[in-house]
Amino acid sequence: MLACLAVTVFAGWTTVHLQNGEESAFEKIGLKWDRVMPSAVTAARLTAVLFAGPIAMKWPLQYPHEIDVQVIRNLLVAPICEEFVFRACMVQLLKENGTGAVQIVLLTPLFFGAAHLHHLYELIVFHKVSLTMGLVQVAFQFVYTCIFGWYATYLFLATGSIAGSVVAHQMCNYLGFPEFWAIASHPRKNLILFLLAAGIPAFFYLLPQLGNI
């Protein structure tokens, strides 16, 4: 957490000092007040379409009764700090360096995924997981976070605001990885399968309509 905050401060300071042209440095890193609501609503809508099946599995959604450190970390601190570093600042630094949008979308999530590899230590030391199982879990998380990173980076570039990627991050952290293995025994199995079958292609149909990156 401290490392993430330190990188946030450094990356923010660096990006601010790259200011040139008509856009302010803060606008370049996605801090555009007029784009906050459109970006946030777009991200919420798209993420809800993609997660339509998992949302139906968990419906009615349960909200945390107590606001503890873990809730604050997962739903507030991590989404804001990580999106600021890996989307707002890192993307802009690559753009300033002349990197193309497609390369940015594909490249930056690799750093985002790598930033979660330290969980291997936590799994082995605190949760007493074997090295093999720990590597499997961390590898899975790396792939999952990279996939999310592609989506969040695309959102950031297409909407021009960090708000969208933060909202998507919050929703994904809250919903977690879809429990596909539990669908067969779920009482709303048919509805969930329908929403999965409709939601995933609908997501990929709507995504390019955000605009060019």
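# Close-up views

**View 1. Pro 54 is in contact with Pro 178 and Leu 196, leaving aside its neighbours within four places in sequence.** Contact means heavy atoms within 4.5 Å of each other. This is a predicted model, where local features need pLDDT of at least 70 and side-chain atom pairs count only at pLDDT 80 or more, while totals for chains, interfaces and linings use all residues. Residues are numbered from 1 along each chain as its sequence is written, and side-chain values use heavy atoms, with hydrogens and water left out. Pro 54 sits in helix α4, residues 52-58. Helices are DSSP runs of H or I with at least four residues, strands are runs of E with at least two, and both are numbered from the N terminus. Pro 54 has a relative accessible area of 9%, so it counts as buried. Buried means under 20% relative accessible area, exposed over 50%, and partly exposed in between, using a 1.4 Å probe and protein chains only. From C-alpha to C-alpha, Pro 54 lies 9.2 Å from Ile 183, and 129 residues separate the pair in sequence.

**View 2. The peptide bond between Trp 59 and Pro 60 is cis.** Its omega is about -5 degrees. Pro 60 belongs to the loop between α4 and α5. Most residues other than glycine have a negative phi, and most peptide bonds are trans.

**View 3. Lys 128 has a positive phi, near 55 degrees.** Lys 128 is a residue other than glycine. It is placed in the loop between α7 (119-125) and α8. Its relative accessible area is 67%, so Lys 128 counts as exposed. Leu 123, in helix α7, touches Lys 128, Val 129, Gly 134, Gln 137 and Val 138, not counting residues up to four places away in sequence. Leu 123 itself is buried, because its relative accessible area is 15%.

**View 4. The largest nonpolar core has 22 residues.** Such a core is a set of buried Ala, Val, Leu, Ile, Met, Phe, Trp, Tyr and Cys residues joined through side-chain atoms within 4.5 Å. Leu 46, Phe 148, Tyr 151, Leu 155, Ala 168 and Leu 207 touch the most other members. At least two residues of this core come from each of α3 (36-50), α5 (69-96), α8 and α9 (162-175). A second, separate core has 12 residues, including Phe 84, Ala 88, Cys 89 and Leu 94. In soluble globular proteins, nonpolar side chains tend to be buried together.

View 5. Ala 168 is in helix α9. It is buried, because its relative accessible area is 0%. Not counting residues up to four places away in sequence, Ala 168 touches Ala 43, Thr 47, Phe 148, Tyr 151 and Leu 155. Ala 168 and Ala 44 are 124 residues apart in sequence, yet 6.3 Å apart in space, C-alpha to C-alpha. Leaving aside its own neighbours within four places in sequence, Leu 207 contacts Leu 46, Tyr 151 and Tyr 154.

**View 6. The second largest pocket holds about 440 Å³ of space.** On a 1 Å grid over the protein atoms alone, a pocket is an open set of points where a 1.4 Å probe fits, with protein on both sides within 12 Å along at least five of seven lines, and lining residues have an atom within 4 Å of a point. Grid points are joined across faces, edges and corners, and the volume is the space filled by probe spheres set on the points. Among the 18 lining residues, Leu 50, Phe 51, Tyr 144, Ile 147 and Phe 203 are closest to the centre of the pocket. The elements that give two or more residues to this lining are α8 (131-159) and α10 (189-206). Helix α8 gives the most, with 6 residues. By class, the lining has 18 nonpolar, no polar and no charged residues. Nonpolar covers Ala, Val, Leu, Ile, Met, Phe, Trp, Tyr, Cys and Pro; charged covers Asp, Glu, Lys and Arg; polar covers the others, Gly among them.

**View 7. Cys 146 and Cys 172 both count as buried.** Relative accessibility is 4% for Cys 146 and 10% for Cys 172. The structure holds 0 disulfides, a disulfide being a pair of cysteine sulfur atoms within 2.5 Å.

**View 8. The whole protein has 10 helices and 0 strands.** Of its 213 residues, 39% count as buried. Among contacts with a separation of 6 or more, 79% join residues 24 or more positions apart.
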